[in-house]
Amino acid sequence: MSKIIKLRKGFDIKMKGKPAPTVVDIGIPETVSLKPSDFNGLYIPKVVVNVGDTVQAGSVLFHDKKFEQIKFTSPVSGEVVEVLRGDKRKLLAVTVLADKKIEYKSFEKFHSSEIHKLSKEFIQQQLLESGAWVNIVQRPFGIIADPDTSPKSIFISAFDTSPLAPDYSLIYFGNDQYFHSGIDILTKLTNCPIHVNTHASSQVSPMFSQVKNARVNRFSGKHPSGCVGVQIHHIDPINKGDVVWTISPFGVIQIGKLFLTGQLDHSKIVALTGSQVINPQYYSTITGGSIKKLISENIKNKNSRFISGNPLTGTNISDNGHLNFFDNQITVLPEGNQHEFLGWMKPTLSKLSIHRAIGLLSFLAPNKEFVLNTNMNGEPRAFVLSGVFENLVPMDILPTHLLKSALSEDIDELEELGIYEVIEEDLALCEFADVSKHNVQKILREALDLVRTS
Amino acid sequence: MKFLRKRLDSVKHNFEKGGKWEKLHYAFEAFETFLFTPNVTAPLKGTQIRDAVDLKRLMVTVIIAMIPCLIFGIWNVGHQHFLAIGQEGETGVKFAIGASLVLPIIIVSYASGLTVEFLFSSFRKHSVNEGFLVSGLLIPLVLPPTVPLWQVAVATIFAVVIGKEAFGGTGMNVFNVALTARAFLYFAYPSQLSGEIWTYLGEGTQTVSGYSGATPLAIASQSTGNVISDLNSFGTGWGEGIYSFWNLFWGGIPGSIGETSTLMCLIGAAILIITGVGSWKIIFSVFSGAYLMGLFLNAVGSTPMTEIPAYYHLVTGGLAFGAVFMATDPVTAPQTEFGKWFYGLFIGMFTILIRVFNPAYPEGIMLSILLMNVFAPLIDYFVVSANKKRRLKRATV
């Protein structure tokens, strides 16, 4: 059953600020925020609460205007304090002031042995109603799963190879039972093969290795071997017309908990990482939680960037921001807002590069952990150098050609070159390595939206 | 450096929109970013850290790889001068004579090319691309030391305008810019770019008796017997063994400024390959293609040219220089890794074919690279189609 897939292409970015394996409980964050921008494919969010309303964990905050059954629910109980809107009244976030003790909206609960008796319709209903449904991401395009489609398979990546990534066996520790029940529920819901992909060389938590009702695959290789899109490509690739679902281990655990305890539990452990953090370690918090408490008196200096997510795919959220929905990592890096005299010519061992052009010496120190800032290290240019992206994407895909057809908005070409198989994270390394400093992930997302809506 | 930064910041507003010298914005930007890398940070969403590499550093790497060829070329211009007039020359004097001929060509090439680049960047409102930093040095290296300076300027301007900017600037051009300049001169002013033009003789000097400035390929194409013995006996009396295999390899022969020494080209190749800036696949396959074609002609041919040992082809003409610095131009080469193999092989093979069978153009590397520049997109097309077909095939399974 279990395959081992070796991936040769890719690159591991080693950075300073790895989290120490300790978990600090700092209680419930003051505020929790749900941002529509975290969900691709959300048509128009319709807010159903007003400022001042009290909500429970699991109460609906907004739903999709087009697909009304897809509901976005509050991770905590408390009072709605802000409905933030931007240009053209676009909804940016709904923020809840969290109670000291969370009150959960109750859903139906079952014993783990009863799960196999549940009907597909009931499971779907409870997932949608509770808001746990939005954990399910649909490929192609990486959008919220459409309840009316049935996938040909479900993929779960059980390891993260991104820079400074949290250790899954630590952040999901003690949730084995919920994870296994979650898998059972997904099996019941879709009746399709479920793949749990683990790392071949590191010790795999029994949560993943001893899962029933799913195939355990093993991958070895550098980043992006942990990206679920890469894994799909090697096991059950997506062709035009195919639908595959992906879900994070957190999502599976949450679904398991929902059915075993009747509560939508959004508590999670996140890693606070990065060279600007004094004590990088793990913290228990809540999805969408404010990062204020985590970072207080734990940051080296003010000129820092606060990122929800990892340095390759994250979002700059500032020091009073909230975690993004799918993230289990906060990275704090020095801002690179300084000029550097002859910076393009100086030999340097302190800046990381996957290239070896004159003066870029980081390849001499393959195990060094780098302190990297947010400077672009150059100006935007036309695509010139070739062959670099091809070494960073462990798929039978031509990234340069894909991106060029994305820029020229050629839908047929995009389809033929494999746009259905990738989302931003799969090509994030290309954005890092690009000599011409393109915003690869933005270009790709625009192309994905173009193909999806065409 | 703070002083410099402050000065720049204090005058910067003049070059912004609405400023006094708004039109010079991109020229100022090029100057400013040359001195200081910008303080621009990664956007809100996406990759928050960026690789330390940029196009400037890449281009400088190529320039550094060309420096051995340049220095050797400067020496060699002087060296050939003394060989021709039959005198012994000090190394320093050789360099001095070489520099007095080569540096003006380089200055004219950069000045005319960069002027066009700056003008276009102002008209078309885009940043000045660094590509010309390389082309500007490549052009002098493929020209004879005796080329009139005005021709250098005309050729450079032609190459940048028609060869590059007409296609949309750096990254979009179909033809290698430096070779476009070379080909332009070759066809527009053939009298200054063929025949015995490779050696600077100086005014009022007499060549040594028996001297001939014929190139190895010219001798080979006129040979009626054994090419190798003709080459080995060439130069008797004034430059014993000048066209022996090892002297051809080392490069102390008449020719274009930078391309005579195979050894220096190989040093450049090593720099390009170690730094990963030049594609080793292309360099290796050009040499392989030339060698294999040489072997093939040895096997089937019967004219003196076809009987030249295959390894002689690798050290004659501009093959090495073309393989290392021209064929590897990432913009005009195929962009698929698989396609690079074919591209290089064909360049090598065509070079030898043109050399051997077309006496009008004894040097084939320029023409064969330009030819393959045209076919590079076609090679890519086949490789990309194969990728698409693999994906389609999978769907039916």
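This is a predicted model: local features need pLDDT of at least 70, side-chain atom pairs count only at pLDDT 80 or more; totals for chains, interfaces and linings use all residues.
Biologist: How many helices does chain B have?
Modeller: Helices (H or I, at least four residues) and strands (E, at least two) are DSSP runs, numbered from the N terminus. Chain B has one strand, and its helices come to 17.

Biologist: Which radius of gyration does chain B have?
Modeller: The radius is taken over C-alpha atoms, and the globule rule is 2.2 Å times the number of residues to the power 0.38. The C-alpha trace spans about 70 × 70 × 35 Å along the principal axes of chain B. For 397 residues, the rule puts a compact globule near 21 Å; chain B agrees with this, at 23 Å.

Biologist: What percentage of the residues in chain B is buried?
Modeller: A residue is buried if 20 or more other C-beta atoms lie within 10 Å of its own, exposed if 12 or fewer, and partly exposed in between; C-beta atoms are placed from the backbone. Of the 397 residues in chain B, the buried part is 49%.

Biologist: Are α12(B) and α15(B) roughly parallel or roughly antiparallel?
Modeller: Axes are lines fitted to C-alpha atoms, for helices over the stretch in contact, and angles run from 0 to 180 degrees between N-to-C directions. Angles under 35 degrees count as roughly parallel, over 145 as roughly antiparallel, 65 to 115 as roughly perpendicular and the rest as oblique. The axes of α12 (residues 262–274) and α15 (residues 319–326) of chain B come within 9 Å and cross at roughly 15°. The two helices, α12(B) and α15(B), are therefore roughly parallel.

Biologist: Where is A:Lys88, with its positive phi?
Modeller: Phi of A:Lys88 is near 55°. With 5 C-beta neighbours inside 10 Å, A:Lys88 is exposed. Its place in chain A is the loop between β8 (78–85) and β9 (91–98).

Biologist: Is A:Asn213 exposed or partly exposed?
Modeller: A:Asn213 is not a glycine, yet its phi is positive, about 65°. It sits in the loop between α4 (206–209) and β14 of chain A. Because 15 other C-beta atoms lie within 10 Å, A:Asn213 is partly exposed.

Biologist: What is omega for the cis bond between A:His223 and A:Pro224?
Modeller: Most peptide bonds are trans. A:Pro224 lies in the loop between β14 (215–220) and α5 (228–235) of chain A. The bond joining A:His223 and A:Pro224 is cis, with omega about 10°.

Biologist: How far apart in space are B:Phe296 and B:Lys17?
Modeller: B:Phe296 is in helix α13 (residues 280–300) of chain B. In sequence, B:Phe296 and B:Lys17 are 279 residues apart; in space, C-alpha to C-alpha, they are 63 Å apart.

How values were computed: Residues are numbered from 1 along each chain as its sequence is written. Chains are lettered from A and ligands numbered from 1 in the order in which they are written.
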